[in-house]
Amino acid sequence: MISSGTLHVIATELTIGMFALSGIAFLLCLLKKGPLSREAVAHWALLGGLMATPFAIFTGLNAAPGEGIENPLLANKMLLSTASAGLAIGILIRRKWGGDVDSRHASIGMISVALMLTTAGMGGEYSRNETLLYFVPKETVFLFPIWASILLIVLGVVMLGKSAVEHRR
Amino acid sequence: MRVKAATILFLMILSSTISTANPGGEGDAVRSRDCAGSCHASSSTNGVSSATLSIDFPDEIYAGLLMEIQTSVEGVDVSSNSMTGMAILINSDGAKDLPANDGWEVITDPNGGTNNYVEITDSFSSQNVVTRSWTLRAPSNPGMYDMFLAVQHGSPNGGVAMSGISNLTQVEVSAVPENLPQLAPDWTPTNTRNLGDETIIKLETLNTDSATVELKIGAEISEISVVDGKFTIPPAVNPGVVEWRVILTGEGPTQTSPWFRLTAQEAGWEIDETALYLQSIALLLLCAGLVILRRPVGEDYNKNYDNTDYISTEPEETQMMNQTLTVATQESTSNAGPPLPPDGLPGGWTTEQWQYYGQEHLDKLARGEI
């Protein structure tokens, strides 16, 4: 048996490794430089990182001392990782539906990667109290009221549904 | 060029240090001696600590009752953060060495927790002695027991993790005399409280006629009355520790408990977790939706399944006959990419690659990059 902490390290290494690879490939797509395989690498690595993300989140919650979320860093990690996962899902679906890998597509991919790497950096600060992200306001959590979150969920579902319907036309 | 790069990498690998302790520590926990989990490398690569380590036990230790021990770390220089990891263990083997394996229970560790390994920041130096108190519950079976104090810390110059362990200290745990006034075996003290909250502590005792509580704040000791087995410790204004002990009298010899430490701390950070989870889901859906909504425009969009043009322009009977030809024509015209060079496709290129990346290749040729 291994502890939740070790399992979290494994899941995090997988996630961050693949997201970092994807970020480099998206950068090459943005610059239109490098091998022709850059688009495939960017999207497949993003998919791999995305698949490992839930494991990283849940093992991280299990590995955290105490019960529940008792630190603003953990709350911000949660928000950043889900935002990053949302962008990554959008990028992958858009590409699957035939979207072109233009500069905006590549930029959004890089933003998704940057958010996930920031999340990992905050994890290092939480566990070891060391970070390079000195100027990121990590101790402040911007939390919407529940009604606003529900409204945003409805908005997101409508946008996804609209995109799916338009794609069928 | 490759040889130079390989040489530089090789020199960088050679310049790395063998091991170093985690400079910020790993946090208090229930840990075995095998470096107490605080080092990156194997304990076999550590240095040997020069600290003089000792454990002081009270004269009488009764089975199953609470008692206080003092651990001392003397004469050692540590790393610049002045932190040392300190563990109480029952053997020096590095395995099955937790106090709980012999029936000891850590009631209050020096940091106010219940761990056998704690990280202490203090003025460790070759001239100083750093002492800490632990409150333990003795094993329930009388007999002779072994105890060790182990430490790990950094070195003043960094680079090497140091570890050390004390000599064996043997203690005798005696059977509890009849009618001995004592705290109930299943009673445990409160270790922490929030600032501004007064603390009501309920004592559970056996063979006790009366109890008196002494409260120590700094060097001042005051008495607190116990009513119906309860007493109240006034609220703390600043973070810190107050100590208290109870003097139990009854038919048997009067007993004085160890000093219990009550740590006052600021209230923990709280968040509405339902709102947080809902916002996380909202962010995921919203971000995905926003990206997907950004539809491809014009000819960039590959209408993989859109055959409307062919259906509307061709007669039904010829449509079936020409279907294969149409698909081939469509591929070769609408998505054909830029015109092929006079020499045909560049070496190693496929037609599909030329459709997507041909223009980029021609641009590079024009700029002289290829």
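This report looks at a helix pair, a chain-to-chain contact and a sheet in a predicted model.

Residues are numbered from 1 along each chain as written, and chains are lettered from A in the order written. Local features need pLDDT of at least 70, side-chain atom pairs count only at pLDDT 80 or more, and totals for chains, interfaces and linings use all residues.

Let's start with chain A. The axes of helix α1 (residues 4–31) and helix α2 (residues 38–63) of chain A come within 7 Å and cross at roughly 155°. Axes here are lines fitted to C-alpha atoms, for helices over the stretch in contact, with angles from 0 to 180 degrees between N-to-C directions. Helices are DSSP runs of H or I with at least four residues, and strands are runs of E with at least two. α1(A) and α2(A) are therefore roughly antiparallel, a label for angles over 145 degrees.

Next, chain A meets chain B. Residues are in contact if their C-beta atoms, placed from the backbone, lie within 7 Å. Chain A brings 43 residues and chain B brings 34. On the side of chain A that touches chain B, α3(A) gives the most, with 14 residues.

Now the sheet in chain B: four strands form an open sheet in the order β2-β3-β7-β5, with antiparallel pairing. Strands pair if DSSP finds at least two bridges between them. Nine bridges join β3(B) to β7(B), and B:Val73 stands opposite B:Val130 in β7(B).

| Strand | Residues |
|---|---|
| β2 (chain B) | residues 52–56 |
| β3 (chain B) | residues 66–74 |
| β5 (chain B) | residues 105–108 |
| β7 (chain B) | residues 129–137 |

How values were computed. Parallel < 35°, antiparallel > 145°, perpendicular 65-115°, else oblique. Contact = placed C-beta atoms within 7 Å.
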